Each structure stands twice: as structure tokens, then as C-alpha cells.
Amino acid sequence: MTEKRSFLVTTPIYYVNAEPHVGHAYTTIAADALTRARRLGGHDVFFVTGTDEHGQNIERIARERGIPEQQHCDEIAAVFRSLWERLDIRYDRFIRTTEEEHRRGVLKLWGLLVEAQTPDGQDAVYQGTYSGWYCPRCEGFKDEDELQQPDNVCPDHELPCEWTEEQNFFFRLSAYEEWLREQIESDRLLIRPESRKNEILGVIRQGLKDFSVSRARVKWGIPVPEEPDHVLYVWVDALSNYITALGFADDGENYRRFWCGAHERLHLIGKDIIRFHCLYWPAILHAAGLPVPTREFGQGFITKDGRKLSKTTGNVIDPAALAERLGPDAARYFLLREAPYGADWDFTDAAFVGRYNADLANDLGNLVSRALTMVSKFGDGKVPPRPASVSEARGLEEELQTDAPVAWPYAEGRRAAVLARYEAIDFSGALAEVWSWISQLNQRIVAVEPWTLARDPSRRDELDAFLYRLLEGVRLVAVLASPVMPRAAGRIDGMLGRADRAPGPDDLEWGRLEPGTSLGTVVPLFPRIEKKDKEKNVPETTPPAAVPSKPEEAPAPAAGPERIDIADFARLELRAAKVTAAEQVEGSKKLLKLQVDLGTETRQVVAGIAQTHAPEDVVGKTVVLVANLKPAKLMGVESNGMVLAGSVDGRAVLCQFEGEVAPGTRVR
Ligand SMILES: [Zn+2]
């Protein structure tokens, strides 16, 4: 066990000018998953999120709505909290900048800043005249070269900016250039991905300008004590949430433990706010004589169907709908698995459903249901005796070289690898590790053939040992996936006869399943989504084709084709086959060349389904194969079997199963 450490994990606080969008959900899910992963590793973690509620924008919106500012803030903050509830986000503190505790903390920080001296002996905060093009929507002054001409239009809001001059307070950022460069170059302030670090160093090279920290014309905020007509601007009011949330105002226990004494102070942020977090915020803290963040991670942007997300064009991903559609676990899994966390990526519905079916319904869902079903079928529905052998300690490499019948892909090194990936904020990599293990466990079932062991009473111990290890494998997979999929992990624990609780470091140890424990009921974790499910909502307007025109008429056996005996049918070997690869047969519009998994072997089959099915659509599907058909060549390609499909106007509609069926299962 590694030493116990204290970590702070934060999301930005979200501005209550609008309801949450998918970018908010993406960061908050990531922070939640990282928090859970660190707790799994035995560490102390404090997770802060919240809402930024002050400023001219909120004044305007509340005025337009005809309600007090506070009421507007309360309403939107409640929407955020309810979304986090639905996405199974478990934060430790939801900070709101309209809270009294926050106000007191901000004023304490301000007090330190007005007393502070820069390294070259000047006041860190000074009064000056600020003038420039001001966008009321941005609540900020824009650089002249950012504006669109004519009319000095804000590029973000497509509204003309106003030339504005005002007296306000400035923070002397220019005096901290050297210090910031040194912090960032040395990675004492670790900025990731690397490209963001380089971007920030580039900004420093161009020279840092002082920035204004108060506003004269805004009422909805925290008044500046020295100048009560001014309020503190967002850089002091909002960024400070990271410490006020911990009880900075009263030098509270959480502040001392998770800020001053923390092994890491991590901010997850969007790449658009990286400058404020990596330059303004550390400089403010340093000037005030307080510890600064140790790591900042800029997440990428999500587009949808190749286009920028935009409310005006309607190209949006509603995070609440995303959670509803296939459940919170599926939403969390997809967002964190589909792309590396720091990268920009494109969301498509097809990819969401595809991953759900392939990774969750097929790989994980099948593993769990096969393992539990075998224990109830070949055992008595209880956890088998713990194997006496020490072979479970074998590493994977050694394991692959042995021919022992129940050799085992054990987790040696694997859990460390998964936790290290989480720690590096590489969720996609952590999940890929877990899924490669799932796939090995599934292959193990096929290779060991427990159903064969079950037929031979003298191999009972071997069967029990296999089943115990399989269940332990399933349990550990659930534990390692639990930071991203807490709900599914809890349900798997329930099926394994264990209490539903947040897993801790003890659960990472091999052999925690108690022999003799009765397993719970097997419930489908992630029911497969078929294309037809998506069309279910379409009302049926045409009557079913099979309704006979003369229902009273008795069936006329002689009129149909000749009936066959059951023995004739038994000559056909129909099996469930999972398509593992597919490609178009060269020169043919109709034929696909498929590789199918029959549980015990892989076969090549040519199927006339290319006009209705793209190769990538059939991969992962479980189809019905006539397995004992004589080999044939179609367009010069060998085919070993035939895939069953309905023929509708000459087009093929694949025959598929309603529930989960393991490859190789006989169809009768
Ligand atoms: Zn603007």
C-alpha cells in the first residue's frame, strides 16, 4: 500500500447565465471519476464544484426575467445540482459565490492583496484608469485586434462593444512574469496536456499585462471595501472559490488539509480559461503569500457531427438527455472512453450507441451474465471454494506460456496500471486496460470450456477453481471500472452477493469473495440497443402482414411445401456466431466477407448482405450461422457456413437474438 495522500480536485465553477451544457458535464464527470479512483487507491480526496453567480450578465438576465438576481441564481444552481445528482456525481462541496462564507473568504484574500508587495517592492494592487472596448456580455474589455469591423463587434457575441473608461483596481501581473515562467517551466505548476503548457509559456514570452480586478458599474457582486461603489471582478471573486470552498475565511480544517497540506491541488479546466487559471490565479495566490495550484489540466472541446456546438444552430448535446437515454453509467463511460481527455473530439450518436453495444452490452454484459449463469448452472449458485493453488499470483506473461487447463490471466500489475492511468488523467487508457482484461476473461471461458469440465465429476475441483477465479475476475473488473461506472459496479457487487457500497483499497486485493456466499439474481446490466429499438417510437400505421384474409379458413396442409420431420431439421447445425470483422468482397456490391467467432473457432463466411449492411455495422453483432454447410466459393472467396437473414424485396434483414447469446450456442 502506498502512503495515504491528500488531494484537492476541482472543476471550474460554472456561470449561471445559462443551464448546463455537455462541456460542464464532461469536466464534472472527469473530476468525479478521478476522485473515486483516488479513494479506491486509499487516498483522501476533496472534490469541489459549484457556480459563479455574480456580474453584470446576471444583473441583466434577472432584469429581463423580472426577478431578483438571487432568485435567478438559486434556480440555475439547482439545475446544476440536479444534473450532478442524475449523473451520480458525488462532490464534497458545492460552492456558490453568493454564499456568505465565500464573501468572507474573498474579502480575506483581498485584504492580503492590498497589503502585498511585488518582488521589486511595488504595491501588488494599485488604482488606475482602465479604458478599452467593453463587451457587456463577456463582461470584459476586448483587445482591439480581436474585434470585428465595422462597429467593433465582439467575435463571441456578435454585438458592438462600447468604448469605456473607468477608475478601478489593478493587479500587477507584470511583476510576476519571471516567477510564473519558472513555476511552469519546472513543472512545479504542472500544466497538461503539454501543448497547453507551451501555449502558456508563449503568452508569458509576449509579456504579461496587469489586469483590472474591480468594476465600477456593476452592483451584483462583492463590494470593494476601499471603494464601496465598486465590486470585485471575476478574477478575485470567482477564482478564489477554490480556497473559500475549503473554509479559507476561518482557516478551516479542510483548507489546512486540502489546500496548504495537500499533496496535490488540481484544477480541471476548459482550454478556453487556461490563461486565467495558469497565470492570474497562481500570481494572485503567490502575491497573497498562499500556496499555489500544483497541476492544471485543460480538457478538449467536443463537437457534434463534425460541427461546433451551438445553441443558435441547435447543434447541442443535452447532458440530461444523455444521462436519461442509456443511463448515467453509459454517458459517463462514453464521454471518458471515446477520446483522450485533453483532446478535441467529435460526438456522434452512432458512436455512442456503437460503444454502448460493443463495450457495455457485449463485452462487459456478456462476461457478467456468463460467469454468474455458469455458477448457478454448474454449481449451486454459491461462490465456490477458494482455490488452494497459488497460480493466481502468476503474471499474465507466464500465464500465456503455460498449458495448464485453468491457467489464469491474473491482475498482477494490472490494477496498478489502471490506477496509474486514472492518476495521469488518462481515463480512456484506464478503461482500455480494464476492457482488455474483460476480453481475456471472455476468451478464457471459451478456452477452458467449463461446460466440458462440468460433465466430468472427477474434474470438479478444477471447475470450482475456474469459477472462483472467474468470479474474482468479474469482481475486480467492476472495482476497477467503478470510478467511471459506479452504478454498474454496485449492481455487479449485488449479483456477487456483496453489499452495495463504494469500493475501497481492500477491494483491490485478490480473493475477497467469500466461498459459500449466495449469488444474487442475474440482471441484465446493459440491454443491447437494436436499430429497431430506435424506431419503436414510430407509430405503426400498417397492419401486420401476417393477418390472414380469411381467418375462419382451416389450414390446408396439402397446399404448402412438403413438411419435414424433426430429424430432418436436426441435421441442420445452427449456431450463434459473433461477427468479429467484416469487409466488402472486392468486385461485389452484395457480398460481405465476415470473420465470425463460434466460441471454439473463428470462421470465414461470405454473406449477401452488403446492400443493407455496412461492414462496420455488422461487427459486434451476433448472428445465426448454418454451421454445417459444405464450404463454397463466392466470387473466389471461401465461405464456411451461411448467415441467416430475412429476404425483404430482395434485400437482406439479418436474423438476430432478442437477448444475450454466447458465441457457439446451438440454435434450435
Ligand atoms: Zn462578448
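**Sheet, cysteines and nonpolar cores**

Cys 154 has a relative accessibility of 0% and therefore counts as buried. Cys 135 likewise shows a relative accessible area of 0%, so Cys 135 is buried. Colleagues, please bear in mind that this is a predicted model. As for cysteine pairs, how many disulfides does the model contain? The count comes to 0.

Let me turn to the sheet. Four strands make up an open sheet, in the order β6-β5-β7-β9, with antiparallel pairing. At its edges lie β6, residues 140–142, and β9, residues 211–212, each of which pairs on one side only. Strands of a sheet pair through backbone hydrogen bonds, either parallel or antiparallel. Within this sheet, β5 spans residues 125–135 and β7 spans residues 162–171, and the two pair in the antiparallel sense over 10 bridges.

In soluble globular proteins, nonpolar side chains tend to be buried together. The largest nonpolar core here holds 102 residues, and the members that touch the most others are Leu 364, Trp 435 and Met 485. Which helix gives the most to this core? That is α18, residues 460–481, with 13 residues.

Leaving aside residues up to four places away in sequence, Leu 364 touches Asp 359, Trp 435, Ile 438, Val 477, Met 485, Ile 492, Leu 525 and Phe 526. There is also a second, separate core, of 58 residues, whose members include Trp 110, Tyr 176, Leu 232 and Leu 279.

How values were computed. Residues are numbered from 1 along each chain as its sequence is written. This is a predicted model: local features need pLDDT of at least 70, side-chain atom pairs count only at pLDDT 80 or more; totals for chains, interfaces and linings use all residues. Side-chain values use heavy atoms; hydrogens and water are left out. Two strands pair if DSSP finds at least two bridges between them. A disulfide is a pair of cysteine sulfur atoms within 2.5 Å. Buried means under 20% relative accessible area, exposed over 50%, partly exposed in between (1.4 Å probe, protein chains only). A nonpolar core is a set of buried Ala, Val, Leu, Ile, Met, Phe, Trp, Tyr and Cys residues joined through side-chain atoms within 4.5 Å. Contact means heavy atoms within 4.5 Å.
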